[in-house]
Amino acid sequence: MNFYTRLRVLAITFSFLFGLIVLRLFYWQILSGEKMAAAADSQHFATLEISARRGEILASDLTPLVTNQDAYLVFANVKKFKNPVAEIINKIGTVSGNLNNPEAVWVPIKERVLKEEKDRIMAFNFAGIDYATESIRYYPEASSAAHLLGFVGLDENSRPKGYFGLEGYYERELAGKTGSRQLEQDAFGRPIALSAETETPAENGRTLVTSIDKTVQQITDNYLKKGIETWGASSGTIIVMDPITGRILANSSFPAYDPAKYYDFPTGIYKNPAVTETYEPGSIMKPLIMAAVINENKLTPDTRCPVCNGPRVIDGGMIRTFNNQYHPNLTMTEVLINSDNTGMVYVGETLGKDLLLSYLKKYHFGEKTGIDLQEEEPGHVKTDWYPLDIATVAFGQGIAVNAMQMIRGFAAIANGGYFVTPQVVTKIGDYEVKPIMGPQVWSKDTTDKIKEMLVQVNLQSPLHFPLDRTPGLSKFRIAAKSGTAQISIGGSYSDSKYVASVIGFAPADNPKFLIYVKLDEPAVRIWGSDTAGPIFYAIVHDLLLYYNVSP
């Protein structure tokens, strides 16, 4: 190898090594700069984190649904101890950190303690022991709206964190920014004598204002509990919405839990069933399919069904009415009044597969509603469709939805055809959250017709809860539909497990509220009109009085 070759090899080698050094420096200073700076700070400073005060969650009247209770972090600067550690532990009791750690500076002694415990510890006047203000969550309404609110637990680093509901969805806004207290130390972890303690204040979280009305929430809580007990249901959910804006006025689910003591309850009930549980809705889907066929001018409320004189056989599947009774020549209004499955099969066939699928897409089934709650499930709409699928979807089987999707669909009937986004929070700090109005999927003419059909369902259906049992309701026009859906287990429908529901709004011509009542597995009676119906009408009665609505 001659001199010039050796020189080139040497140059290439040095260039390669130089490149490696540059890459390494780039990694240290750019890619890992923040991490290494934090590591350097941790060696140069002893740091004690100071928790931020979490933002409150308020009802629509600005009273608290979730607030904070004063609590304290009691901590020690072990370098300033004058009393023996054994004496301190003996008087204080169990401590959170290790006071005997020779490398420690700031050590937590007691975290999130109430004033009485903090005062007891501070009364010993131990040198080096101090406290900082913290807070713990306080739920003045106890288990009311627990699924809507969520709770605050501890993350993997034992720091407070919101889980489920609003606490989980708005964790970043509610949590605020942690502060700190720092003391400069040398390379051996010893405090530098002349250095001063520095403190960075915590930034408190932002307060949320919600659309939840405490009175409406209490009404729904009471009737849902009573209904579950009366009808032997395993669980239940009620949603009350303003159909014009999509604001949620109340959301009750049982069994419930106490967010302040969430750890005493099974984890399986933490999630909000209104958005996390999907199911086949049954007959309450029928008005949405009927709205599609009327909107396409393929049928009218007075069109008569030519194939409603008996069961239908489609792809080998036998489709019957719920009571195996048939009414030839029904109008489309009468199809809804009688909740006739064979009539809805005719509606689905008239609409056709392509239009049916396009409307299911317009209704956003199979998609999340966008509500500001954690853990929402989107449901499921099949992609491979056969004639039997078209038939069953028309009367609410073969499609999986959540309760919030169903109430959003009915809101569009109530408000003139617009799909609104369900919302709970109306204000974040100083920022006002505006209602989100979606596209108009039906004409106002269509929704006026469907409203009138649902008013007739409410007035004439022998399945619905008699109005004379709830005084005063006969003076109001109420639009409503009940549903009774078999629960699918292992790919086949159960003969003993049902979902019973009623959904509707009042007054029909100028809706003030929209109510959805759902009972899971009622044992005494299975029909939605018999079980969810009394709950629905009782709530309607109380809300008409509460909102001072005139007939």
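Guide: Happy to. Let's start with the lining of the largest cavity, where helix H5 (146–149) and strand S12 (248–254) each supply at least two residues. Keep in mind that this is a predicted model.

Visitor: What makes this space a cavity and not a pocket?

Guide: A cavity is a set of points where a 1.4 Å probe fits but cannot get out, while a pocket is an open set. The structure holds one cavity of 30 Å³ or more, and about 40 Å³ of space lies in it.

Visitor: Which element gives the largest share of the lining of that cavity?

Guide: That's S12, with four residues. Among the residues lining the cavity are Ser143, His147, Asp221, Asn251 and Phe254. Sorted by class, the lining has five nonpolar, six polar and one charged.

Visitor: On to the pockets, then. How much space lies in the largest pocket?

Guide: About 1000 Å³. The lining of this pocket counts 37 residues, and Ser51, Arg112, Leu154, Arg159 and Pro160 lie nearest its centre. Elements that each supply at least two lining residues include strand S1 (45–50), strand S4 (106–113) and helix H7 (171–175). By class, there are 15 nonpolar, ten polar and twelve charged residues in this lining.

Visitor: And what about the second largest pocket: which residues lie nearest its centre?

Guide: Thr321, Phe322, Asn341, Thr484 and Gln486 do, out of 29 lining residues. Helix H14 (387–394) and strand S22 (492–506) are among the elements giving two or more residues to this lining, but S21 gives the most, with five. The volume here is about 590 Å³. The lining of this second largest pocket divides into twelve nonpolar, 14 polar and three charged residues.

Visitor: You mentioned H14. How do you know that H14 is mostly covered?

Guide: By counting: six of its eight residues are buried. These are Asp389, Ile390, Ala391, Thr392, Val393 and Ala394. The cover over them includes helix H10 (286–295), strand S14 (312–314), S15, helix H12 (341–351) and helix H13 (353–362).

Visitor: Why does Val424 count as buried?

Guide: Buried means under 20% relative accessible area. Val424 has 0% relative accessibility, so Val424 counts as buried. You'll find Val424 in the loop between strand S17 (418–420) and strand S18 (425–428).

Visitor: What is Val424 in contact with, leaving aside its neighbours within four places in sequence?

Guide: The partners include Leu148, Leu166, Val209, Ile248, Ile371 and Leu373. Here's another one to look for: the C-alpha atoms of Val424 and Ala59 are 9.8 Å apart, although 365 residues separate the two along the chain.

Visitor: Last stop. Why is helix H15 called roughly perpendicular to helix H16?

Guide: First, the value: the axes of H15 (residues 403–415) and H16 (residues 444–460) cross at roughly 105 degrees and come within 8 Å. Angles from 65 to 115 degrees count as roughly perpendicular, so that is the label for H15 and H16.

Visitor: Which residues make the contact?

Guide: From H15 there are Phe410, Ala412, Ile413 and Ala414, and from H16 there are Thr447, Ile450, Lys451 and Leu454. In terms of class, that's six nonpolar, one polar and one charged.

Conventions: Residues numbered from 1 in each chain as written. Predicted model: local features only at pLDDT ≥ 70, side-chain atom pairs only at ≥ 80, totals over all residues. Heavy atoms only, no water. Axes fitted to C-alpha atoms, helices over the stretch in contact; angles between N-to-C directions. Parallel < 35°, antiparallel > 145°, perpendicular 65-115°, else oblique. Contact = heavy atoms within 4.5 Å. Nonpolar A, V, L, I, M, F, W, Y, C, P; charged D, E, K, R; others polar. 1 Å grid on protein atoms, 1.4 Å probe; cavity = no way out; pocket = protein on both sides within 12 Å on 5 of 7 lines; lining within 4 Å. Points joined across faces, edges and corners; volume = space filled by probe spheres on them. Buried < 20%, exposed > 50% of the residue type's maximum accessible area, 1.4 Å probe, protein only.
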